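The following paragraphs lead the reader through a pair of helices and then a sheet. Please keep the sequence and the structure at hand while reading.

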Amino acid sequence: MSFCFPGNVRGKMGNHFGSINTSTDPIIFDMYSTSGFTVSSRRHLFLHCLPSIASPTSLSLLPFPPPPPPLTDLLRVVSRRLVLATKTQSITTMTTQEEECMGSVKAQLAKIFETSLKVTVPNEPDVEPLIAACTGKFGDYQCNNAMGLWSKIKGKGTQFRGPPAVGEAIKNNLPTSEMIESCSVAGPGFVNVVLSKNWMAKSIQKMLIEGIDIWAPMPPVKTAVVDFSSPNIAKEMHVGHLRSTIIGDTLARMLEFSKVKVLRRNHVGDWGTQFGMLIEFLFEKFPNFEDATETAIGDLQAFYKASKLRFDSDPAFKERAQQAVVRLQGGEEKYRRAWAQICEISRNEFHKVYQRLGVHLEEKGESFYNPYIPGVIEGLTKQGLVEESQGARVIFIEGVNIPLIVVKSDGGFNYASTDLAALWYRLNEEKAEWIIYVTDVGQQQHFDMVFKAAKLAGWLPQGDNSYPRASHVGFGLVLGEDGKRFRTRNTEVVRLVDLLDEAKSRSKATLIERGKGEQWTEEEIESTADAVGYGAVKYADLKNNRLTNYTFNFDQMLNDKGNTAVYLLYAHARICSIIRRSGKDIEELMNKGTLVLDHKDERDLGLHLLQFAEVVEEATTNLLPNVLCDYLYNLSEIFSKFYSNPECKVIGSDKETSRLLLCEATAVVMRKCFNLLGITPIYKI
């Protein structure tokens with residue numbers, strides 16, 4: 001991990017003995033990953049060189065909140081309560097109410113096999129059923145407990161003579177269930193399950209009638225924080241923010257679908273010494289600064305660069321800027337108002353991106369947590385975790401060769417100080433049970449150290465599979481076709497709003513080329529171009545494992561063939577067209593018709609639909625949106641195989657009603673997948 005310091009800044013992370021001259025240096029620096037890609041810009045470090053005082057709780061104007069309540073007496077008690085209340089919760093825990101696991105086939109089978117396991121090995125308590133979907137021809141699902149059980153019970157006078165015998169007993173002790181058509185034992189005791197096609201059909205029709213929410217997974221948390229996007233004030237959002245924003249939004253959507261209260265947090269970089277430079281430049285350019293608008297200021301990025309150039313070249317301006325920092329952090333009203341003005345202009349620019357992406361966030365920036373830092377550090381110090389080290393105050397983390405600096409040698413706070421205060425606040429004030437940080441992979445070590453410090457303090461339990469927990473969701477780089485960091489031809493970072501507008505423009509041009517300009521209204525063209533263009537950008541990112549780099553290529557992502565959003569959106573529109581052409585009232589068919597899965601291709605499609613719940617659960621549990629993308633693409637392929645089979649003719653066949661219901665069920669699941677991925681479906685092409 002390397003750092004770029006604009007200005008004469010000495011020292012770097014990993015060398016906490018370095019110093020920073022706060023009287024001469026603007027402390028504005030960006031963290032880079034080892035490959036040189038700028039991280040999501042919440043992680044552009046704004047070191048707070050002066051002691052923090054009470055500051056605004058949001059980016060709004062005055063008045064400011066009173067100081068926060070004292071923390072030191074609460075740290076031990078509250079963190080102990082959080083640990084004790086949740087330490088036994090496992091990541092795979094599902095609620096025990098049967099209706100709450102209705103959507104997950106795996107969960108329902110697990111309950112059935114749990115009964116069998118208690119009978120089969122009554123002296124082995126707490127055996128968790130190991131259920132997995134089959135990929136072979138022997139069944140739909142498989143129970144894989146036999147081998148593990150045999151290793152536990154052999155030599156204990158057991159009646160069994162090996163894993164196959166254990167598997168046979170598990171099969172024979174299964175209670176009667178309408179879910180299961182047949183079972184068989186293969187190899188070293190694998191119990192293969194074939195689901196009843198009648199049960200499958202009834203389950204799908206039940207979803208159509210009651211809504212897809214009955215297939216929502218039920219994770220063992222009630223409240224989660226997802227910290228994502230988080231750009232820096234006075235800087236443009238660029239392509240480097242794309243992944244954090246898109247991935248974070250999808251994770252939030254999946255948790256919300258799973259009935260979790262999600263606090264979508266935009267931890268903007270709204271505090272730091274660079275604001276002295278910006279404020280003084282604002283005063284100089286606009287004496288009546290409150291009349292300054294984004295139109296008057298123009299390009300905010302250019303404004304930032306001009307102020308930085310002035311800071312570096314004019315000693316008198318530099319001195320005024322440094323005094324402005326003191327006045328801002330001292331709470332002087334004029335400077336606070338100017339700060340809020342700059343923040344508001346930035347917020348308006350950010351909103352343009354979020355509006356295009358359909359992303360909702362609530363801002364709680366660095367300034368919000370500033371008042372909490374002193375109390376958090378004091379509490380950690382009283383616990384004996386903070387040590388002096390050549391003028392700095394640090395927390396040593398076992399197994400890490402650099403300390404976590406929580407107070408710099410000049411007495412100022414930093415990145416780690418803010419993150420610890422934010423983590424404390426989210427656990428104790430917002431009562432979050434799962435806190436998810438979406439930034440690039442280059443920050444993995446920093447977050448790992450912060451989380452380990454929280455565990456040392458007793459804020460988080462020691463086990464990785466217990467709640468409350470904090471998770472870092474890392475992601476790779478966005479590359480250009482040259483394999484390097486994605487930039488414009490003049491080496492500038494690509495502005496995100498321009499990139500999104502280009503995607504929409506290309507999508508609209510394609511629609512016009514296909515003659516839709518004469519067939520559709522302007523509103524239909526605009527809305528379809530929005531859905532396809534923005535959806536293509538999102539899906540091209542989300543379909544990749546987030547830990548890998550990916551190449552940004554408009555031609556590939558806007559291709560209507562292959563694993564692209566365009567192909568999937570068109571596939572959904574074709575299904576809707578099939579239903580419209582039938583002339584049937586689909587709502588009436590849901591309630592009066594009957595769905596059957598007699599043909600193999602019908603059954604294959606039905607099985608894939610039923611696996612939706614467990615796929616969402618897997619994607620959410622492992623924080624991997626690409627798992628859902630894979631499912632969606634496979635669903636489209638399986639539907640295509642069904643629909644193109646002459647034996648599965650839909651309109652005009654004697655099974656038209658059933659197959660129309662199967663088409664509708666596919667469309668419903670596809671729409672929910674789109675919704676979770678933040679993509680707007682289209683209904684005609």
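**A helix pair and a sheet**

In this predicted model, helix α22 (residues 600-610) and helix α24 (residues 625-644) have axes that come within 9 Å and cross at roughly 160°. Angles over 145 degrees count as roughly antiparallel, and α22 and α24 are therefore roughly antiparallel to each other. Their crossing is left-handed.

The residues that form this contact can be named on both sides. Helix α22 contributes K600, D601, E602, D604, L605, H608 and L609. Across from them, helix α24 contributes Y631, N634, L635, I638, F639, K641 and F642. Sorted by class, the contact of α22 with α24 comprises 7 nonpolar, 2 polar and 5 charged residues.

The second part of this account concerns a sheet. Strands of a sheet pair through backbone hydrogen bonds, either parallel or antiparallel. Here, 4 strands make up an open sheet in the order β3-β4-β6-β5, and the pairing is antiparallel. Strands β3 (131-133) and β5 (180-186) are the edge strands, each of which pairs on one side only. On average, neighbouring strands of this sheet are turned by 25° against each other, with direction ignored.

Strand β4 (residues 141-143) and strand β6 (residues 190-195) run antiparallel and are joined by 3 bridges. Which residue in β6 stands opposite Y141? The residue in that position is V193.

Conventions: Residues are numbered from 1 along each chain as its sequence is written. This is a predicted model: local features need pLDDT of at least 70, side-chain atom pairs count only at pLDDT 80 or more; totals for chains, interfaces and linings use all residues. Side-chain values use heavy atoms; hydrogens and water are left out. Axes are lines fitted to C-alpha atoms, for helices over the stretch in contact, and angles run from 0 to 180 degrees between N-to-C directions. Helices (H or I, at least four residues) and strands (E, at least two) are DSSP runs, numbered from the N terminus. Angles under 35 degrees count as roughly parallel, over 145 as roughly antiparallel, 65 to 115 as roughly perpendicular and the rest as oblique. A crossing is left-handed if the near helix is turned anticlockwise from the far one by less than a right angle, and right-handed if clockwise. Contact means heavy atoms within 4.5 Å. Ala, Val, Leu, Ile, Met, Phe, Trp, Tyr, Cys and Pro count as nonpolar, Asp, Glu, Lys and Arg as charged, and the others, Gly among them, as polar. Two strands pair if DSSP finds at least two bridges between them.
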